[in-house]
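User: Please examine the pockets of this structure and answer some questions about them.

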Amino acid sequence: MRRLIRAPAMLSFVWPAMLIIGGYVAWHQWGAEYMNSKYYGVAATQFQVSEPPKYVRSDIVQTVYQDTAMENLSLLDTQATSKIASAFATHPWVRQVNSVRKLPGGQIDVRLDYRKPVAMVRVISKHPDVRGSSFFAVDGEGVLLPPSEFSREETSQYVHIAVPDTYPRGSVGRKFGDFRVEAAAKVAAIIAPYNQHAAANRQVTIKTIGVHGDPRQTTVPQLELETASGKKKFWGSSPGMELPGEPTAEMKLRVLVSSGDENIDLRIARLPANETH
């Protein structure tokens, strides 16, 4: 009777211990291997990113995966999403990483904002790496974009930034390195809708943005637009750097749209009374 009474009490300790030991052995034999294969060492096929624009021809995922040794990343790492965001932020076409989400089945969703090319910087320099005339694509912030992804025909379709004695000092994905070029790139981004509308309606477009006057006489580059027909439209200061009394970039753009193909100084031009509202 004493043995029968003690048996259930002993089993209440033995069975949980056996379950713990059995679970530990099973984990190390099968579970750990499964988890490692599923969540450690991600594959490029596990990533899905925002659909890139047509002008982005490189494989964003494959490039980031190879350049940042992503195959060694563990999704069990508490810093996995921030590491993935940092990795994608290094790509020159990526302007901003909006979010990174781990989805069921080991999939990873990455939402991206892409840079948009707005101009080609025409470089005629004695730099040893440049022979004759070369073009460098930039976005509206003056960031260098991968030059190999633009054909000669596409290069001719963008606004050209013509700044004397300049050469990119930054690497692809970083600022051009010349404040005059970066100021012109901001203007190129603003007039891009105007050029698209003009081209669609077979009207004269802006072809070149240059620096007007001696840049040593002012800390704010004074920019000049030139149409395909050779007409000059003096823009003035870069957006956000207007001199006292100078119209804003929005006002200049409105005057530009209504000016047609004629020479005009946008710093002093005003809209007709019937177009001010």
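User: How much space lies in the largest pocket?

Analyst: This is a predicted model, in which local features need pLDDT of at least 70 and side-chain atom pairs count only at pLDDT 80 or more, while totals for chains, interfaces and linings use all residues. Residues are numbered from 1 along each chain as its sequence is written, and side-chain values use heavy atoms, with hydrogens and water left out. On a 1 Å grid over the protein atoms alone, a pocket is an open set of points where a 1.4 Å probe fits, with protein on both sides within 12 Å along at least five of seven lines; lining residues have an atom within 4 Å of a point. With volume taken as the space filled by probe spheres set on the points, the largest pocket holds about 430 Å³.

User: Which helix or strand gives the most to the lining of the largest pocket?

Analyst: Helices (H or I, at least four residues) and strands (E, at least two) are DSSP runs, numbered from the N terminus. At least two lining residues come from each of β4 (117–124), α4 (152–157), α5 (179–200) and β7 (206–211). With four residues, the element that gives the most is α5.

User: Which residues of the lining lie nearest the centre of the largest pocket?

Analyst: The lining of this pocket comprises 19 residues. Nearest its centre lie P117, Q157, Y158, V159 and Q196.

User: Which element gives the most to the lining of the second largest pocket?

Analyst: The second largest pocket holds about 190 Å³ of space, and its lining includes P193, H197 and L253. Both α5 and α6 (249–259) supply at least two lining residues. The element giving the most, with four residues, is α5.
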